[in-house]
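Please consult the sequence and the structure below before reading on.

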Amino acid sequence: MAGKMPPVLRGAVVTTAVTCPRQHTGVCLSGGSVLDADVARMQYVSQHGGLYLDTDARCILPPRSWPQAYPNLDWDNASLLIGIEFPCPICAPPARGPDGSCLQFTNWAFAATAGNRILSEVAHEGRLAIARRAHVLDAVHATGPGLLTRVVLRHIGHVFNLANVENDGATYVSKRTGERVLVLPYRAFGIHMAHRGSHIKRHPTHQQLVRHQFKGSWRHA
């Protein structure tokens with residue numbers, strides 16, 4: 001796998017911002033609200049493929065090295081890559097896994113191949129929420145990570161197991177589209193110094209791929 005870029009990580013690096021940075025090597029989608037930004041990122045990556053990163057997220061390891069950090073996953077055949085934001089049994093995000101665990105997938109870092117139908121479904125439902133005049137304060141549930149989590153869980157079904165994911169990541173197949181979904185553990189994308197508890201697995205450190213700075217710029221837009 002060394003030196004080989006799997007299909008799910010090919011394509012542009014995509015981001016969204018109220019005002020796009022002057023210097024950016026990938027694709028920047030500007031928008032007027034966090035709701036629009038959520039839908040725009042899902043729509044673009046679902047159509048064109050690529051790696052999405054928030055402007056306040058930075059790669060600890062270059063994407064080309066990610067398969068080496070999680071070598072047991074089916075990178076070559078995956079069409080969607082997501083990570084865990086909330087792995088803990090004591091918090092209350094907007095969704096729960098079929099094993100009863102509280103759960104939320106990150107939408108500040110994910111990747112997909114072009115034509116991804118799961119992300120297309122997320123974008124469609126997000127547009128419907130905007131059409132129903134969802135409030136910006138409901139963004140997490142209406143267009144953001146809560147929506148992404150609910151849609152992905154509908155595709156994965158009841159085989160999802162958070163303990164297995166937190167051990168070393170896991171590969172799942174959508175029961176609706178047949179697309180393969182790689183789910184990385186909390187330490188890959190979600191690690192944050194404010195999070196505490198025995199449920200937080202920060203090691204091995206070579207499996208930490210992205211660090212999110214949580215500046216929350218969209219909240220003040």
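With its neighbours within four places in sequence left aside, Thr113 is in contact with Pro7, Val8, Val45, Ser46, Gly49, Ala78 and Ser79. The model is predicted.

**Thr113**
- Thr113 is placed in the loop between strand E8 (109-112) and helix H3.
- The relative accessibility of Thr113 is 19%, so this residue counts as buried, the limit being under 20%.

**Packing of H1 and H3**
- Helix H1 (residues 34-48) packs with helix H3 (residues 117-131) at an angle of about 155 degrees, and their axes are 8 Å apart.
- H1 and H3 are therefore roughly antiparallel to each other, and their crossing is left-handed.
- From H1, the residues Leu35, Asp36, Val39, Met42, Gln43, Val45 and Ser46 meet Leu119, Ser120, Val122, Ala123, Gly126, Arg127 and Ile130 of H3.
- The residues of this contact comprise eight nonpolar, four polar and two charged.

**Thr143**
- Thr143 is found in the loop between helix H4 (139-142) and helix H5 (145-156).
- With a relative accessible area of 1%, Thr143 is buried.
- The side chains of Thr143 and Asp38 are joined by a polar contact of 2.8 Å.
- Apart from neighbours within four places in sequence, Thr143 is in contact with Val34, Leu35, Asp38, Val39, Gly126, Ala129 and Ile130.

Conventions:
Residues numbered from 1 in each chain as written. Predicted model: local features only at pLDDT ≥ 70, side-chain atom pairs only at ≥ 80, totals over all residues. Heavy atoms only, no water. Helix = DSSP H or I, 4+ residues; strand = E, 2+ residues; numbered from the N terminus. Buried < 20%, exposed > 50% of the residue type's maximum accessible area, 1.4 Å probe, protein only. Polar contact = N/O pair within 3.5 Å; in protein donor to acceptor, adjacent residues only side chain to side chain. Contact = heavy atoms within 4.5 Å. Axes fitted to C-alpha atoms, helices over the stretch in contact; angles between N-to-C directions. Parallel < 35°, antiparallel > 145°, perpendicular 65-115°, else oblique. Left-handed = near helix turned anticlockwise from the far one by under 90°. Nonpolar A, V, L, I, M, F, W, Y, C, P; charged D, E, K, R; others polar.
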